[in-house]
Amino acid sequence: MTKQVAYFPGCALEGSAREYDVSTRRVFAALGVELLEVPDWVCCGASSTHGRGQEVALALPAHALRAASQMGLPLMSPCAMCYSRFKLASLELAHPEARARTEAALGQDIGELPSVLHPLQVLDEIAPQATVPLDIKVASYYGCLLVRPPAAGFDDQENPTIMDRIVAGWGAQPVSWAFKTECCGAGMALARPDMVARLSRRVLEQARQAGAEVVVVACPMCQANLDLYTGEKDTPVLYITQLIGLALGLSPRELMLGRHLINPLPLLRAKGLVNHG
Amino acid sequence: MDMNGGPRIVGFLCNWCSYAGADMAGTSRMSYPPNIRIIRVPCSGRVDPLLVVKSFQQGADGVLVAGCHPGDCHYTEGNYYARRRFALLRPLLDFVGIEQERLRLEWVSASEGRKFSRAVASFQEELERLGPRGHRG
Amino acid sequence: MVKVGVFLCHCGRNISEVVDVPRVAEAVRHLPGVTYVDENKYMCSEPGQAAIRQAITEHGLTRVVVASCSPRMHEITFRRAAAQAGLNPYLVEMANLREHCSWVHADDHEAATLKAIELVKKAVARISYNEPLTPQPIPMTRRALVIGGGIAGIQAALDIAAAGHQVTLVERESTIGGRMAQLDKTFPTLDCSSCILTPKMVEVAQNPNIELLTYSEVESVSGFVGSFEVQIRKRATLVDHVKCTGCGICWEKCPEKVPSEFDLARGKRSSIYIPFPQAVPVKPVVDQVHCRYIKYQEFEASGAEGKKPPQCRICEKLCPPQALAWDQEDEAVTEKFGAIVVATGYDPFDPTVYGEFGYGQYPDVITGLELERLLSASGPTEGHVLRPSDGTPPKTVVFLSCIGSRDEERGKAYCSQICCMYMAKHAIVLKEHDPEVQSYIFYIDNRAVGKGYEEFSRRAQEDAGAVYLRGRVAKVFPQDGKLVVMGEDSLIGRQVEIAADMVVLAAAVVPSRGADEVARMLNISYDSDHFLVEAHPKLRPVETHTDGVFLAGACVSPCDVPQSVSRGSAAAAKTLALLSKETLVGEPTTAVVDALRCSGCQLCLEVCPFNAISTQVVAGRTVASVNEGLCKGCGLCSAVCRPAAIGVKGSTHKQLLAEVASLWT
């Protein structure tokens, strides 16, 4: 059974987080989910448009929502920020007034609002088909945007478990830890690197204390910050799609594991998750 | 139109929950449009369709029937009868040319003053949107 | 020809500052039937009522309309005033100019005045169809039922019994005592909770006027004030409590130990047990879920293959009076009561919804009630406060307030009233147990509003050295064997982190499990949080809208011990006022059948929730007939009656249609 979704990679996945894009495409292809890229997609609005007024903050995500609506498919974006924008925008566009304003700005009807999905929600529904046993202790790190605000999240905002459930299904051992949803410092990486360093290091230290050998994330910003400010020890930070890719027997090259600052390969080799390359 | 310019609303409120809820709105000074005329009935299940139809005949633009929340009826099950009765009456109203949105059923408990005042305000908005009776367009 | 007197109330300025009362008076003066109009600053005052009485006499009024507040407030007052002047009280109507007009339309005086005129017109239109009604006397069963054996129910039962009336106290657990029995000490006096509670419990057991039914639940209630028929299910204890002497051999020797509910699973009990040593009655019950012999019997009955569970029966072998009664069954008894006190109490809020505090995940995160059990000398640790994780005494204890309280997002909007004070108490008592303990209390507002409470709270800070931090906690997480509490001190605007040995959550107070079911059985309402609703929050705080049903204790709203006791006594006083009468005056607003119009379709029989309608044969025709004792006047019958043969007195078609017909004319 082939399932189709409208796929919105977003800017990060075309640049700094290309490995997230590539691993997502490969994993979903292997799992029989067809990703049809949204044609002519534009920026989701990300973190800067809220400050620039309601109109543009709704019009930008509405563009992709409209496209998905025309494709007749749910809209899926791996980037936590894009996901959050689409979800919140679709909630706001349910109000006729906001919708009318936005349609006027777009000059187009949005049509029936598509459902908005994050890859985690799709993975949670798919039965795992691991070929390589993932004998590794994993800290699932959700960061802020996947579960907050509650209206946009798809799990408990303080103690989410969806990623833990998914990695456990694929054979890894999720650790129990308390910093799943702490802030990594996010977009302050350039303005306040000291703060980002403090926050990100603490997240990683907590993950290590809980016994994690690797941290999995589902957000490009989280990956970048944790990877950069690793603290005293080097703990690899992988996208969940990369970890699942390993379980599916994909090669490090196919999963672009070489793009991380902290090289995960020594650990993955020692764990027997990588035999070649 | 009411003398204040707004649509005319007749509210049949059960004595135990909704009338008390409307009292609570008063005690808490939660204002709502003055166009509603409240008639106290023992139970929402007491509201005979005749009373609804007579209210429209009298010139009401909307009829609000309010009772206890499901499961909370002072008489155990009167509100369930009201719910079923008005589910049947609404399409009939539509048939005779009175938009079914003009008959509204709400559950308002004795503590829900805010809910009552909001219900009246939103009903008024809906009736304004529908316009005067008999001008369906 | 009716002569209607209209009495307009200013209600001080509550009505008159919004509604132009003299203008209303002018507008209604010439309505058909109106022969007299008067205004008064306070109609409900004695001069106001006197004016009504006088006008009835002097002007020969046959109907009275009082335009003032809600009829739910003063209908009884004005009916009584009319009756004093010889007018049938049901010939009085009210127009609600305050709650439904001046208070909600204060921003538009003109609209409010016009509406007030309409409301009075509506009442005048209705009242010409009012008929004089005469209440039926209701015989009073001079016995009371108290549901719930916590401190509020105990107090109510004792007070009713002290006045010489019979009272039955039903408790679902195997002992009375309720939440108070679980407490170690009580604020602000630091009395030992059991020491002040157990004498009252014993008094309940010994008082000849009190019938104590523990391990029992109310299953159904029918009837009405004066004669409630209540079915009570006495659950099988499997112990003959007449033979049993409470010697204690059985529960000491029983080998099957399970988590104790009384100790909130922080300790163990046997599967034949009393919940705590001072239980009343001191008679054990067999827990049929865990008892080995019961499991054995179930295995035998199932005919399953394999290894048989042990027969056990150690309790039976050792019981000196041979009191075990394995084939005892649940027993349903039906008793009649004149009045009912509901004292179903509270449960602690389940803090697991706050994932960030790790309750249920980290063993050293406990609730305040669990700490009570650890502090109690009869608790699982015999009063030594030890960390559940490793059995060491905690030195740094952090308290988190408002866990579920004052949090509309994930908990309850209300304040749970008792938590600020019990956190202060815990800080003081912990310091007494171990001078090295340092307590930190994260609070939102420190609410210490009872007698001696503020002083007590200061004592926690000054004598026990508790550090009060104003702010919410973001997260609790384990680090190096401690629990790090990460929060905000909003007074200095800084984040704080405290490495704690134990974290205590002040869980909110929520209504006891099943209180809503009890409410439904009794036809009383509960609010969106499932607290039971009193007839008036200020002036009728223990009455309900069902006559003869009263509320006591925390089933109404969170409250502490002194308040529970007061509410228990208050409910008892209201009960006694009923029990002191031989007969009551019933509501005459019941259904009545016009046999000539009745077609005998019997739809009314089907819809009547109280089985108050039956059929009778009149002049050879089968027609409906109403039992006025059972009828509560809901009017469901009237709404389904096609030939309009059945009507509710006081809410007739004519009255309601007259109201409708008066609108916008």
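**Figure 1. Chains B and C meet in this predicted model.** On one side, 53 residues of chain B are in contact. On the other, 47 residues of chain C take part. Together the two chains bury about 4300 Å². Carbon and sulfur atoms give 60% of that area. In chain B, R37(B), R46(B) and Q58(B) lose the most area to chain C. Together they account for 16% of what the chain B side buries. Two pairs of chains touch in the model, and the pair B and C has the most contacts.

**Figure 2. Polar links join chain B to chain C.** Across this interface there are 16 residue pairs in polar contact, with both residues at pLDDT 80 or more. Which elements of chain B each supply at least two residues of the side that touches chain C? They are β1 (9–14), α1 (18–27), β2 (36–41), α2 (49–57) and α3 of chain B. Helix α1(B) gives the most, with seven residues. By class, this side of chain B has 27 nonpolar, 14 polar and 12 charged residues. The interface of chain B and chain C also holds two salt bridges. One of them links E118(C) to R37(B). Their closest N and O atoms are 2.8 Å apart.

**Figure 3. Chain C also touches chain A.** Here 16 residues of chain C are in contact with 13 residues of chain A. The area buried between these two chains is about 1100 Å². Carbon and sulfur atoms give 38% of it. Q361(C), K475(C) and F477(C) supply 36% of the area that chain C buries against chain A. That is more than any other three residues supply. What of chains A and B? They do not touch, and their nearest C-alpha atoms are 14 Å apart.

**Figure 4. Salt bridges and polar contacts cross from chain C to chain A.** How many salt bridges are there between chain C and chain A? The count is three. In one of these, E182(A) pairs with K475(C). The closest N and O atoms of that pair are 3.3 Å apart. On the chain C side, β24 (473–479) and β25 (482–489) are the elements that give two or more residues. Strand β24(C) gives the most, with five. The residues of this side divide into seven nonpolar, three polar and six charged.

**Figure 5. Helix α7(A) packs against several elements of chain A.** This helix spans residues 162–169. I162(A), M163(A), D164(A), I166(A) and V167(A) are buried. In an α-helix, residues three or four places apart point the same way, because there are 3.6 residues a turn. The buried residues of α7(A) pack against α6 (119–123), β5 (137–140), β6 (173–174), β7 (214–217) and α10 (240–247) of chain A. After the helix comes G171(A), whose phi is positive, near 105°.

**Figure 6. Strand β18(C) is covered on both faces.** The strand runs over residues 339–342 of chain C. A339(C) and V341(C) are buried on one side. I340(C) and V342(C) are buried on the other. Strand β6 (residues 143–147) of chain C pairs with β18(C) in the parallel sense, over four bridges. In this pairing, I147(C) stands opposite V342(C). Strand β29 (residues 549–551) of chain C also pairs with β18(C) in the parallel sense, over three bridges. There, I340(C) has V549(C) as its bridge partner.

**Figure 7. A hairpin joins β32(C) and β33(C).** Strand β32 covers residues 613–618 and strand β33 covers residues 621–626. They pair in the antiparallel sense over six bridges. V618(C) has R621(C) as its bridge partner. Two residues lie between the strands. A619(C) takes a positive phi near 50°.

**Figure 8. R102(B) is a buried arginine in a loop.** The loop lies between α3 (78–95) and β4 (103–107) of chain B. R102(B) counts as buried because its relative accessibility is 0%. Its side chain reaches the backbone oxygen of G131(B) at 2.8 Å.

**Figure 9. C402(C) sits in strand β21(C).** The strand spans residues 396–403. Buried or exposed? C402(C) is buried, with a relative accessible area of 8%. Leaving out residues up to four places away in sequence, C402(C) touches I444(C), R472(C) and A506(C).

Methods: Residues numbered from 1 in each chain as written. Chains lettered and ligands numbered in written order. Predicted model: local features only at pLDDT ≥ 70, side-chain atom pairs only at ≥ 80, totals over all residues. Heavy atoms only, no water. Buried < 20%, exposed > 50% of the residue type's maximum accessible area, 1.4 Å probe, protein only. Contact = heavy atoms within 4.5 Å. Buried area = accessible area lost by both parts, 1.4 Å probe. Salt bridge = Lys/Arg side-chain N within 4 Å of Asp/Glu carboxyl O. Polar contact = N/O pair within 3.5 Å; in protein donor to acceptor, adjacent residues only side chain to side chain. Nonpolar A, V, L, I, M, F, W, Y, C, P; charged D, E, K, R; others polar. Pairing = 2+ DSSP bridges.
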